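Here is my note on the model you asked about. Have it open beside you as you go through the points.

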Amino acid sequence: MPVQLRGVYAPVITPFRRDDIDLPAFAANLARYGRTGLAGVLATGGRYPEAMLDDEESDRILEAARPAVPSTQLFIAGTGRESTRGTIAASRRAAEMGADAVIVRTPSFFRAQMTSDHFVRHYEAVADASPVPVLLYNVTVFTGVILPTDAFATVAAHPNIIGMKESGPDLELLGQYIAEAPEGFAVLGGAHATLYPAVCVGARGGVLAVAGVIPDLCAELFELADAGRHDEALALQRRIDPFCDVAGARFGVAGLKAAAEIAGYAAGPPRARLQPASPQTVAVIRQHY
């Protein structure tokens with residue numbers, strides 16, 4: 001059955017205990033997400049876990065995730081690596097562990113050399129080799145590169161590339177990707193503050209960090225916007241924005257983990273070099289929850 005992308009997806013938090021992955025807590029979080037309105041989850045799919053986990057740890061997470069994600073939700077694995085070879089290997093391992101699809105960030109280390117041709121060759125090679133469908137992942141705030149629209153138009157036509165997460169709040173760029181996308185291709189927004197307008201310009205949903213904290217509200221916002229219930233969608237967008245700003249944008253990973261703990265999910269502290277949220281930060285987040 002073809003993978004269909006629609007709705008809100010959460011890049012799930014990786015809980016740590018004494019600097020090791022707390023797999024039972026991770027599985028418990030996934031089971032709870034399975035009872036929400038999320039369309040699916042991403043494991044090892046955000047920039048933070050990718051930066052903080054080695055390949056062996058990533059594989060352990062994916063292995064633990066598959067039994068915990070219900071069949072009603074998509075299980076997407078983050079497999080982006082700097083090399084094409086490494087990305088292909090990670091994508092194949094993810095498929096073996098039961099991922100329904102993989103999401104592959106733009107390589108960026110040699111960003112000055114990342115031309116459209118480099119992106120096309122990288123993504124087409126990954127898509128040719130991946131046993132499961134591939135999503136593109138543009139996260140310029142961390143990588144410093146933008147997938148050019150001409151490269152996007154070429155790789156989006158690949159039969160095994162089915163969607164894209166555009167993480168930034170730039171609606172003009174998002175609209176350009178949507179305009180270049182072939183029929184059936186899903187462009188997903190990645191910024192909580194622009195989920196409502198993103199859906200209005202044609203996004204099929206969103207991949208939102210805060211969906212790991214307030215999943216049902218994020219899912220409701222998408223459904224309202226997708227149904228054209230604009231007054232209600234705008235009101236909900238404005239209602240959740242202050243919390244989303246302090247939980248993620250203002251306090252970063254530490255704030256997001258603290259917010260998840262407040263919401264009853266197991267998060268644990270960030271992995272060093274990052275530090276946990278201060279008591280003062282936790283108090284500010286709790287005021288907005």
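**Notes on the model**

1. Let's start at one spot: R239 sits in helix α11, residues 230-250. Helices here are DSSP runs of H or I with at least four residues, strands are runs of E with at least two, and both are numbered from the N terminus. At 58% relative accessibility R239 counts as exposed, where exposed means over 50% relative accessible area, buried means under 20%, and partly exposed is in between (1.4 Å probe, protein chains only). From R239 to L217, 22 residues apart in sequence, the C-alpha to C-alpha distance is 9.8 Å.

2. A word on what you're looking at. This is a predicted model, in which local features need pLDDT of at least 70, side-chain atom pairs count only at pLDDT 80 or more, and totals for chains, interfaces and linings use all residues. Residues are numbered from 1 along each chain as its sequence is written, and side-chain values use heavy atoms, with hydrogens and water left out.

3. Now the overall build. The protein has 13 helices and 10 strands. Its radius of gyration is 18 Å, close to the 19 Å that the globule rule gives for 289 residues, so the protein is as compact as a globular protein of that length. That radius is taken over C-alpha atoms, and the rule is 2.2 Å times the number of residues to the power 0.38. Along the principal axes, the C-alpha atoms fill a box of roughly 50 × 45 × 40 Å.

4. How much of the protein is buried? Buried residues make up 54% of the 289. As for contacts (heavy atoms within 4.5 Å), take those between residues at least 6 apart in sequence: 70% of them join residues at least 24 apart.

5. On to the aromatic pairs. Rings of Phe, Tyr and Trp (its six-membered ring) pair if their centres lie within 6.5 Å; planes under 30 degrees apart count as stacked, over 60 as edge-to-face and the rest as tilted. By this rule there are four aromatic pairs. One of them is Y33 with Y265: the ring centres are 4.7 Å apart and the planes at 20°, so this pair is stacked. Y33 belongs to helix α1 (residues 23-33) and Y265 to the loop between α12 (252-262) and α13 (279-288), so the pair ties together parts that are 232 residues apart in sequence. Both Y33 and Y265 are buried.

6. For F152 and F185, the ring centres are 5.4 Å apart with planes at 85°, so that pair is edge-to-face. Helix α7 (residues 149-156) holds F152, while F185 is in the loop between α8 (171-180) and β9 (186-189), so the pair ties together parts 33 residues apart in sequence. F152 is buried at 0% relative accessible area, and F185 also counts as buried, at 7%. Together with Y177, F152 and F185 form one aromatic cluster.

7. E180, in helix α8, is partly exposed at 41% relative accessible area. Beyond its neighbours within four places in sequence, E180 is in contact with F152 and A153.
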